[in-house]
Amino acid sequence: MTVSMYAASIPVFKQILGSLSVILDKAAGHATERKIDPAALLQYRLFPDMFPFTRQVLIACDFAKGAAARLAGEPVPSYEDNEQSFEELKARIAKTLAFIDTLPQAQIDGSEERAITTGSGEKARHFTGQTYLLHYALPHFYFHATTAYNILRHNGVDIGKKDFIGSF
């Protein structure tokens with residue numbers, strides 16, 4: 001059985017970003033209930049050389065929109081990266097999901113051999129669509145989404161595996 005490029009990408013991005021949005025609600029509630037300054041969670045990092053929570057969410061969104069656009073052969077939209085609250089992060093996720101929903105399945109299916117380049121100059125990386133999705137975009141997407149989850153879990157937000165995976 002062959003799995004389409006669309007099936008291997010878009011539903012995955014939608015599932016995890018949807019879960020991340022719900023987790024943001026739980027984090028905001030946690031901060032309110034415990035009288036924690038939201039910035040303490042938003043700027044928390046697991047280790048000094050890692051990005052803070054906010055940046056983890058932004059990067060997860062960037063990989064979802066970037067992969068979807070590149071697989072569809074469309075330009076990757078540019079977002080400002082100025083989100084600083086749980087609500088703004090939820091809006092970023094919603095904006096990313098709305099963009100992904102504009103890409104027709106027919107544009108993504110069959111992209112296994114599409115030439116995809118990320119970065120430029122010395123940092124340019126060249127892939128085929130399938131290699132890009134399976135060995136670059138999805139691992140990065142999951143890494144940043146999981147790190148965002150782990151930051152909140154580490155800080156006592158009452159979330160678990162079902163919150164991360166979501167319902168489908």
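Student: What does A145 touch, leaving out residues up to four places away in sequence?
Tutor: A145 touches I16, L20, A60 and F164. Keep in mind that this is a predicted model.

Student: Where does A145 lie?
Tutor: A145 lies in helix 6.

Student: Buried or exposed?
Tutor: A145 counts as buried, because its relative accessibility is 1% and the cut-off for buried is under 20%.

Student: How far is A145 from A69 in space?
Tutor: Their C-alpha atoms are 19 Å apart. Along the sequence, A145 and A69 are 76 residues apart.

Student: Back to helix 6. How does helix 1 pack with helix 6?
Tutor: Two numbers describe a packed pair: the angle between the axes and the distance between the axes. For helix 1 (residues 5-33) and helix 6, the angle is about 10 degrees and the axes are 11 Å apart.

Student: What do we call that arrangement of helix 1 and helix 6?
Tutor: Roughly parallel. The label applies because angles under 35 degrees count that way.

Student: Which residues make the contact?
Tutor: From helix 1, they include I16, L17 and L20. From helix 6, they include F141, Y142 and A145.

Student: How many in that contact are nonpolar, polar and charged?
Tutor: The contact of helix 1 with helix 6 has 17 nonpolar and 3 polar residues, with no charged ones.

Student: New topic. How much space is in the largest pocket?
Tutor: About 330 Å³. The largest pocket is lined by 14 residues, and those closest to its centre are F63, R70, T118, G119 and Y136.

Student: Which helix gives the largest share of that lining?
Tutor: Helix 3, with 7 residues. Helix 3 spans 53-72, and helix 6 (129-154) also supplies at least two lining residues.

Student: What classes do the lining residues of the largest pocket fall into?
Tutor: There are 5 nonpolar, 3 polar and 6 charged residues.

Student: You mentioned T118. Where is T118 placed?
Tutor: T118 is in strand 1 (residues 115-118). With 7% relative accessibility, T118 counts as buried.

Student: What is T118 in contact with, beyond four places in sequence?
Tutor: Its partners are R70, K123, A124, R125, F127, Y132 and Y136. Of these, R70 and Y136 are also among the residues closest to the centre of the largest pocket.

Student: Last one, K95. Which helix is K95 in?
Tutor: Helix 4 (residues 86-101). K95 counts as partly exposed, because its relative accessibility is 43%.

Student: And how far apart are K95 and I16?
Tutor: Their C-alpha atoms are separated by 14 Å, and the two residues are 79 residues apart along the chain.

Technical notes:
Residues are numbered from 1 along each chain as its sequence is written. This is a predicted model: local features need pLDDT of at least 70, side-chain atom pairs count only at pLDDT 80 or more; totals for chains, interfaces and linings use all residues. Side-chain values use heavy atoms; hydrogens and water are left out. On a 1 Å grid over the protein atoms alone, a cavity is a set of points where a 1.4 Å probe fits but cannot get out, and a pocket is an open set with protein on both sides within 12 Å along at least five of seven lines; lining residues have an atom within 4 Å of a point. Grid points are joined across faces, edges and corners, and a volume is the space filled by probe spheres set on the points. Helices (H or I, at least four residues) and strands (E, at least two) are DSSP runs, numbered from the N terminus. Ala, Val, Leu, Ile, Met, Phe, Trp, Tyr, Cys and Pro count as nonpolar, Asp, Glu, Lys and Arg as charged, and the others, Gly among them, as polar. Axes are lines fitted to C-alpha atoms, for helices over the stretch in contact, and angles run from 0 to 180 degrees between N-to-C directions. Angles under 35 degrees count as roughly parallel, over 145 as roughly antiparallel, 65 to 115 as roughly perpendicular and the rest as oblique. Contact means heavy atoms within 4.5 Å. Buried means under 20% relative accessible area, exposed over 50%, partly exposed in between (1.4 Å probe, protein chains only).
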